[in-house]
Amino acid sequence: MSRLLALTAAVLAVAGCAGGPAAGGGQLAVPWPDAGAGLQAVATVYPLAWTVGQVAPGADVTQLGGGGQEPHDLELSPGDRVLLERADVVAYLGDIGFQPQIEQAVRSSGGQVVSAADVAGDRLLPVDGAEEGAGADPHLWFDPAIMADLAAAVGEAFAEADPPGAERYAANARALRDAFLRLDGELDALLERCEFDQVIVSHEAYAYLLEPHGLRQEGVSGAGGHVEASPQRVAELAARVRAELIPAVLVEPVEGRADAEAVAAEAGVELVELYSLDIVTDDQAAKGLLRLLLEQAQAVARVARCAGRPGVAS
């Protein structure tokens, strides 16, 4: 237990809040906090925006779809399209069918473009139940090893956009990469020896967090979202929860919540909050991505009753 608490403390230390750009707080103590000054960057979901903001803390980072907009099938305004065309660096999830308008618009970008899907390569996971070639699960930020490589790719993109600052971006990217890899080790320790190998979630957004640790998700809503459960589906899931003595249902604030609440009520179990992190509140952004990822893993560990879990966050 002492080893786990020490690892947790280390992750939270590097994820401490020191303010930061529009990408969100929770800044790392990077070697070059002014890297990127005068540059414009655009990212399409919170985890990418946060990552860009760590590599280039001085840059003006805009997250498209912020302010509570639904990231799935995001519709771009004329101003958004201008931002994408003129930005020095653009980070998006890649051509996976998650945000079709963005996938089309980035082709007109005049800056450096980072595709998270290209970085992930063969580590991309399919959308459960989708036909082959129908796109990939977009929630790749739940895999710290992918995010470590993404940090390096973002550093390279900024170095191309601003060659005189290349050393600064490389140093910041290394610091961030190391932090993601430390978090990866923490999750390995946290999600070991679990009593349950499956969790019930309101939205199937957690395969990248679960599968590397031998865990599975059963969702009320699929990875693509927007699918309401039938009464038969609710009854089926509730029966599974009762039969397998699953202690709780993991539920997001919006996606699939009403149906997940119905499953939990019918099964007579509690709800445990979980967040997919593509968009976040201001309070969450102040914590930074590293701490938020750890908190989601702690929620899973609580419900799956993992022996390696440290104390449950309140």
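Modeller: Before we start, a residue counts as buried here when its relative accessible area is under 20%, and please keep in mind that this is a predicted model.

Biologist: Let me step back a bit. How many helices and strands are there in the protein chain?

Modeller: The protein chain has 12 helices and 8 strands, and of its 314 residues, 53% count as buried. If you take the contacts between residues at least 6 apart in sequence, 65% of them join residues at least 24 apart.

Biologist: What is the order of the strands in the open sheet of 4 strands?

Modeller: The order is β2-β1-β3-β4, and the pairing is parallel. Strands β2 (60–63) and β4 (112–115) stand at the edges with a single partner strand each, so one side of each is left without a neighbour in the sheet. On average, and ignoring direction, neighbouring strands of this sheet are turned by 15° against each other.

Biologist: How many bridges pair β1 with β3?

Modeller: Strand β1, residues 40–43, and strand β3, residues 89–92, pair over 3 bridges in the parallel sense, and Ala43 stands opposite Ala91 in β3.

Biologist: Which strands does helix α2 lie across?

Modeller: Helix α2, made of residues 46–55, lies across β1, β2 and β3, and it runs at about 175° to β2.

Biologist: Switching to the inside, which residues have the most contacts in the largest nonpolar core?

Modeller: That core has 75 residues, and those with the most contacts inside it are Leu93, Phe158, Phe180, Leu191 and Leu250. Its largest share, 11 residues, comes from helix α12, which spans residues 289–304. There is also a second, separate core of 15 residues, which includes Ala238, Val249, Val263 and Ala264.

Biologist: What is Phe158 in contact with, leaving aside its neighbours within four places in sequence?

Modeller: Phe158 is then in contact with Leu39, Ala41, Val52, Val55, Ala56, Ala59, Val89 and Tyr169.

Biologist: Back to α12, then. At what angle do the axes of α7 and α12 cross?

Modeller: Helix α7, residues 166–190, and α12 cross at roughly 10°, with axes that come within 10 Å. The two helices are therefore roughly parallel to each other, since angles under 35 degrees count that way. Among the residues that make the contact are Phe180, Leu183 and Leu187 of α7, together with Leu290, Leu294 and Ala297 of α12.

Biologist: And how do α9 and α10 pack?

Modeller: Helix α9 (residues 231–244) and helix α10 (residues 257–267) pack at an angle of about 45°, and their axes are 8 Å apart. That angle makes α9 oblique to α10, and α9 passes α10 in a right-handed crossing. The contact includes Val234, Ala238 and Val241 of α9, with Ala262, Val263 and Glu266 on the α10 side.

Biologist: Where is Pro247 found?

Modeller: Pro247 is found in the loop between α9 and β7 (248–251). Pro247 and Ala304 are 57 residues apart in sequence, and their C-alpha atoms are 8.1 Å apart in space. Not counting residues up to four places away in sequence, Pro247 touches Phe196, Val269, Glu270, Val303 and Arg305.

Biologist: Arg305 came up there, so what is its phi?

Modeller: Arg305 has a positive phi of about 55° although it is not a glycine. Arg305 sits in the segment after α12, and at 40% relative accessibility it counts as partly exposed.

Biologist: What about Leu277, buried or exposed?

Modeller: Leu277 is buried, with a relative accessible area of 1%. This residue lies in the loop between β8 (270–273) and α11 (282–287), and Leu277 has a positive phi of about 70° although it is not a glycine.

How values were computed. Residues are numbered from 1 along each chain as its sequence is written. This is a predicted model: local features need pLDDT of at least 70, side-chain atom pairs count only at pLDDT 80 or more; totals for chains, interfaces and linings use all residues. Side-chain values use heavy atoms; hydrogens and water are left out. A nonpolar core is a set of buried Ala, Val, Leu, Ile, Met, Phe, Trp, Tyr and Cys residues joined through side-chain atoms within 4.5 Å. Buried means under 20% relative accessible area, exposed over 50%, partly exposed in between (1.4 Å probe, protein chains only). Contact means heavy atoms within 4.5 Å. Axes are lines fitted to C-alpha atoms, for helices over the stretch in contact, and angles run from 0 to 180 degrees between N-to-C directions. Angles under 35 degrees count as roughly parallel, over 145 as roughly antiparallel, 65 to 115 as roughly perpendicular and the rest as oblique. A crossing is left-handed if the near helix is turned anticlockwise from the far one by less than a right angle, and right-handed if clockwise. Two strands pair if DSSP finds at least two bridges between them.
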